[in-house]
Amino acid sequence: MSRRNRKLSHISIPELSLVMLIGPSGAGKSTFARQFFKPTEIISSDVCRGLISDDENNQAVSADAFEVVRFIAAKRLKLGLLTVIDATNVQPESRKEWIKLAREYHVLPVAIVLNMAEKVCQERNTLRADRNFGSHVIPQQIAQLRRGIRYLREEGFRHVFELHSPEDVAQLETITRTPLYNNKKDEHGPFDIIGDVHGCYDELCTLLDTLGYQVDKEKATLISAPVTTNAEGYTRFRKPVFVGDLVDRGPKSPQVLRLVMNMVGNGLALCVPGNHDAKLLRYLNGKNVQLRHGLEQTVAQLAGETPEFLESVKLFLDGLVSHYVLDDGKLVVAHAGLKESMQGRGSGGVREFCMYGETTGETDEFGLPVRYNWALEYKGKAMVVYGHTPVPEATWLNNTIDIDTGCVFGASLTALRYPERALVSVPALEQYAVPARPIGYNAASVLSIQQQYDHVLDIEDFTGRQRLETRYGHPITIREENSIAALEVMSRFAINPKWLIYLPPTMSPAETSQAAGMLEHPAEGLQYFRETGITKVICEEKHMGSRAVVIVCKDESVAVNRFGVEGEGNGVVYTRTGRPFFTEKEMEQVFISRINNALISTGFYDTFETDWVCLDAELMPWSAKAQALLQNQYAAVGTAASQALPVVVDALQQAVKHNVPAEALLEKYTRRLEQAGNYVKAYRQYCWPVNSLDDYKLAPFHIMATEGRTYFDKDHEWHMSAIKNICAGDEQLLLATPYLIVETGNEASEKEAISWWERLTAAGGEGMVIKPFHFVSKDEKGLVQPAVKIRGKEYLRIIYGPEYDAPENLERLRGRKLSGKRSLALREFSLGLEGLERFVNKAPLQLVHQCVFGILALESEPVDPRL
Amino acid sequence: MLLTITTKRYPATDLGYLLHKHPAKVQTVALTAGSAHIFYPEATDQSCTAALLLDVDPVRLVRGNGKGHDFALEQYVNDRPYVASSFMSNAISQAYSTAMNGRCKDKPHLVDEAIPFEIVLSVLPVKGGEPLLRQFFEPLGYEVAVQSYALDEQYPEWGLSRYFHVTLRHTLPLKTILRQLYILIPVCDNDKHYFVGDHEIEKLMEKGAGWLDTHPAKELITRRYLRNIAPLAKQALALIMKEEDLPVAEKESKEKVRLHDLRLLTVRDILLEEKISTVVDLGCGEGKLLRLLMEKAAFKKILGMDVSYHALEIARDKLKPDRLPEMQRNRIQLIHGSLTYRDKRLAGFEAGVLVEVIEHLDEPRLAALEKVVFEYARPQTVIITTVNAEYNVRYEKLTAGTFRHSDHRFEWTRAEFTAWGNRVAEQFGYIVTYQPLGETDELLGGPSQLALFKR
């Protein structure tokens, strides 16, 4: 009955609905709305008239005002928020628009009718000075309302409430909001999600047994469920969740129904309906359905069952909810999958999608509708587990997985364990049916569907302003102007995004030293960590080369299977901006295979149970990559200075000889000549000719990732020693970095570090890097700098110019500011780690690329490059 | 950083009067980023040398420049303190202004007297090297002696630097020498440390009076002095050039433009022939093709996309879509995008064109471009042009094995382009035909090549 009785004190509406207030002007809609809904939930057509025309009663702008109402309502519904439309809504055509909107966003439309007497309305309007429209208006609206009120259900309203008088309104105490049936966010599992069973009762029992459940196969009941201890230490019973299509084609559909109905009825399992289940229901309800696609078998098998059983099947199937949103919204189960905009919503469209998926409207060569793979474009946060389309193997695609592995067609029955993400399968005992379309039809590539999809990423996911969540730090915002810069660099210079899983962060120097003649000194670096409460640090020699990320796969098939890269060798070496390190591919591959041999000969792959590795390293010599910079800048400045200055000194000496008072100038330029000499000496330290691979040196300092894991939980001593082991495999090419472990606050230990730095830099070294002993360190404010560099006095000459250490220059250079660089280093560090975590957890490439793209974008922030 | 002027004309110390600087003193004048010192290494009646020594402050040099956001490391480590550049011109005009202006209070007869001088510059950067240096000074009558230096003697394979120890000898009035040095030092360097505007033309006219208009390299000198800013150079050249000089220069640049315009016009003709009304120009650059397309009403919807935001800004500046009447404005749109990312905005056009674009991508990344263009954007017609590597032998300036443009990642022969095009057409269901672009050589083909894909 659509028109409820007259005395209502409580009404209840779905928590996500589009509520329409219906009633003539003066019926009290706005007052009613304010009483029962939050102000932000109400969108009033009068308010919108006012917003756009300064006059809430301006009827001339009605069309525009409704556009505003609709726009706001659409935005709210998209976000899944209950919305109240406060307008007269007395004509069916105006209500039609709102029904359409509700359908578009898959929310339920609710009508609350304020069907007041004309007198009440007229009285209220005369009290309001601004409402001076003609007296004919209200009777007209009332007439329109009463003509249409009987048909509200037919118009599409699922809930209709009618109030006839101010007394009715006064009597109403609460409007409660009920969660949708599909909302099971407070069920946290663990679950075992089971693919399409299709009457394969024996296989189902075997699968449940394999998963640890005890089933009484005869009685079709569950005896016990396995328990799992979750991360918080609580023990929970596991729960099977069926993705639907319990029946048809297979040999024992009634038994499957009996078992699942028992389990679901006792709250021990969940089940969503499949299209076959829905068709069976229609058959049982006496609808005219064709006995095809395996329904004929089910019907035959059900022939011996009691009418009571058939009745309970009907009730069970009728009660199934299209899909479930589980575990705080982190998991969605639906028979044919579900796109993000429909998750947790209720509408015919949602139910349809859940059971049949989407089709393109075309039919293929087998006469079957061509399915549109919604999962290709899925970018939602929730994991979606589904069945419906048999696949040769359950594989992840954008955090969704189809677990229908075609048991009834003779393949296997598969379960996905959640949250473990582990797949468990049992083989079919026999082939019970022949698929109309071969399973895995169209799967011609050796690459997975995810890898094929990842060939080209969608520009939408990277451009504009981006906000990236990171597990090691705060969320990071990438500004639009920076993503513009990154797009250009990425498109023009970077390597294949499938290789580009990590970019190293920038590194800040320690606070500026005040010691005479110094700009940087280890004392400040040690002080920084001491003050952040880090008691143990590692000092590593800083090599002067170019930062390089090296990915090595054991063989080319690993590059194909794990990275989805075909025909680009079995590894890659790239720079800190994602460019290929070697211009010649052959050279790169020889380089990779040298490292690969070292990894093989030192047993790395076995020890680490992997077939690939990502290393963060320094590649020397500097002159190999920075040739242009060296020649055009460093050598050029060196030549100009060392050729001009002797001529100047000579001229000044002559002048002094002739008693011109130029002694001060002579002294100054003599010093400059000496500084120029030191400058040339400084850059030459880091140049040597590269004629073959043997002239390179690679010094890895972090093992970033291998299959299935990262190494951010390991301390730097572990990294150094693991790397030392690898270096033993090719001492010509690989270089283990010398290091020193230092206790901050321990004077002797700090002194040792300082004198080591002095020795290193005196011998022409670039300097050292000080890192907290643990890879990821935090203080009360968050992440601590993962590394600070302390560069040598002579090395800084090539950064700050030949004469930087003249006292008057040094004094001014000490005004440098580090905070921008520091903040950048932290943001890049946490993004870099996030990207790798995503990669090892097999996230879709776009999520990995977002991090890498973000780092490149951050690199375009203006920061003094001398830091 | 050092400029010395020596004379042996008796009495040589007259140089002190001419320069208005006392030989026994060291004098200092302030410059924008530092100072300059004037002193005499030698001052006898037989031989007198005046030295002008730059004292550029490297730290202030950076700070003064700090407005721009161009944070390239090069900015901080640079040769400016050690060379003769526009800083030296600045120093000349500050330290020797009296002499350059032709005033000499005590011995006015010296001003116009041609005196034998020896000028030494240490060191002078010359973009273009010794031949250009001689081309600038020798026509003025200077005897030029040059010493060149290796970039780094420890690495001879790095080649020669652009710095020279230069000795110039000539007999001229000092004011003329100073004016010529004032102009030619920054011209050799081909750079300026300050903003160049209209005022710079006045300086050129003033200091160049009497010698620049007859100098055979006057055009190059003018362009370089004005930092190759085309509108300024054009303005100055109009003042300097004699009537008959002009057409030659314009004709040359016209010929240069012709090949690229031809490419664009050919593309437009094909689009018209194919009755295309909606086009996406993938890699539109500064919008030359877009402008040609806008001229024809047949093109109802034109989208220009480029990966370079800077190029797009120039295109926007040239096309001024915001200022077009509404009907015209709605025909054209410019977007920032990339050919290696899938982009919904590129779909739904009848034709897509890529004029000289693919060769700017590393070959392995072409796989992504193919999918973006032929699978996702998927216009009915695709036109792709690229250079024809075989034709490169016709370019005299191009050394064998190098590319026509420094950003080219590959240049294909006709066979290579055809092989690629055929494979792409096959894979994505298009039919492809090829044609040469530009003046065709019987053996080598055209300078560029075009592939027309249709489905």
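Q: What share of the contacts in chain B between residues at least 6 apart in sequence joins residues at least 24 apart?
A: The structure is a predicted model. In chain B, 69% of the contacts between residues at least 6 apart in sequence join residues at least 24 apart. A contact requires C-beta atoms, placed from the backbone, within 7 Å.

Q: What is the corresponding share in chain A for residues 24 or more positions apart?
A: In chain A, 72% of the contacts with a separation of 6 or more are between residues 24 or more positions apart.

Q: How do you know what radius of gyration a compact globule of 455 residues would have, and what does chain B have?
A: The globule rule is 2.2 Å times the number of residues to the power 0.38. For 455 residues, a compact globule would have a radius of gyration near 23 Å, but chain B has 29 Å. Along the principal axes, the C-alpha atoms of chain B fill a box of roughly 90 × 55 × 45 Å.

Q: What does the comparison with a compact globule of 867 residues give for chain A?
A: Such a globule would have a radius of gyration near 29 Å, but chain A has 36 Å. The C-alpha trace of chain A spans about 115 × 80 × 55 Å along its principal axes.

Q: What makes a residue count as buried, and what part of each chain is buried?
A: A residue is buried if 20 or more other C-beta atoms lie within 10 Å of its own. By this cut-off, 42% of the 455 residues of chain B count as buried. In chain A, buried residues make up 45% of the 867 residues.

Q: Into which domains is chain B divided, and how far apart do their C-alpha centres lie?
A: Chain B is divided into domain 1 (2–194) and domain 2 (256–454). The C-alpha centres of these two domains of chain B lie 49 Å apart.

Q: Which residues of chain B does UniProt list for "domain: Methyltransferase"?
A: The unreviewed UniProt entry lists residues 279–373 of chain B under that name. This span of chain B is 32% helix and 23% strand, and its end C-alpha atoms lie 13 Å apart.

Q: Which domains does the assignment of chain A give?
A: Among them are domain 1 (10–178), domain 2 (183–444) and domain 6 (624–684). Domain 5 of chain A is written in two pieces, 544–621 + 696–736. The centres of domain 5 and domain 6 of chain A, taken over C-alpha atoms, are separated by 43 Å.

Q: Where in chain A does UniProt place "domain: Polynucleotide kinase-phosphatase ligase"?
A: The unreviewed UniProt entry places that feature at residues 485–862 of chain A. The span is 49% helix and 16% strand, and the end C-alpha atoms of residues 485–862 of chain A lie 12 Å apart.

Q: Why are β25(A) and β11(B) called paired strands?
A: Strands pair if there are at least two bridges between them. Two bridges join β25(A) to β11 (residues 341–342) of chain B, and therefore the two strands meet the cut-off. These strands run parallel. The bridge partner of A:Leu457 in β11(B) is B:Tyr341.

Q: In which sense does β5(B) pair with β1 and with β7 of chain B?
A: Strand β1 (residues 2–7) of chain B pairs with β5 (residues 115–125) of chain B in the antiparallel sense, over six bridges. Within this pairing, B:Ile5 stands opposite B:Ile119. The pairing of β5(B) with β7 (residues 160–172) of chain B is likewise antiparallel, over ten bridges. There, B:Val120 stands opposite B:Thr167.

Q: What makes β8 and β21 of chain A edge strands?
A: Six strands of chain A form an open sheet with mixed pairing, in the order β8-β16-β17-β20-β22-β21. Strands β8 (183–184) and β21 (396–397) of chain A each pair on one side only.

Definitions and conventions
Residues are numbered from 1 along each chain as its sequence is written. Chains are lettered from A and ligands numbered from 1 in the order in which they are written. This is a predicted model: local features need pLDDT of at least 70, side-chain atom pairs count only at pLDDT 80 or more; totals for chains, interfaces and linings use all residues. Domain bounds come from an automatic or database domain assignment. UniProt positions are given in the numbering used here, feature names are shortened, and annotations may be inferred rather than shown by experiment. Helices (H or I, at least four residues) and strands (E, at least two) are DSSP runs, numbered from the N terminus. A residue is buried if 20 or more other C-beta atoms lie within 10 Å of its own, exposed if 12 or fewer, and partly exposed in between; C-beta atoms are placed from the backbone. Two residues are in contact if their C-beta atoms, placed from the backbone, lie within 7 Å.
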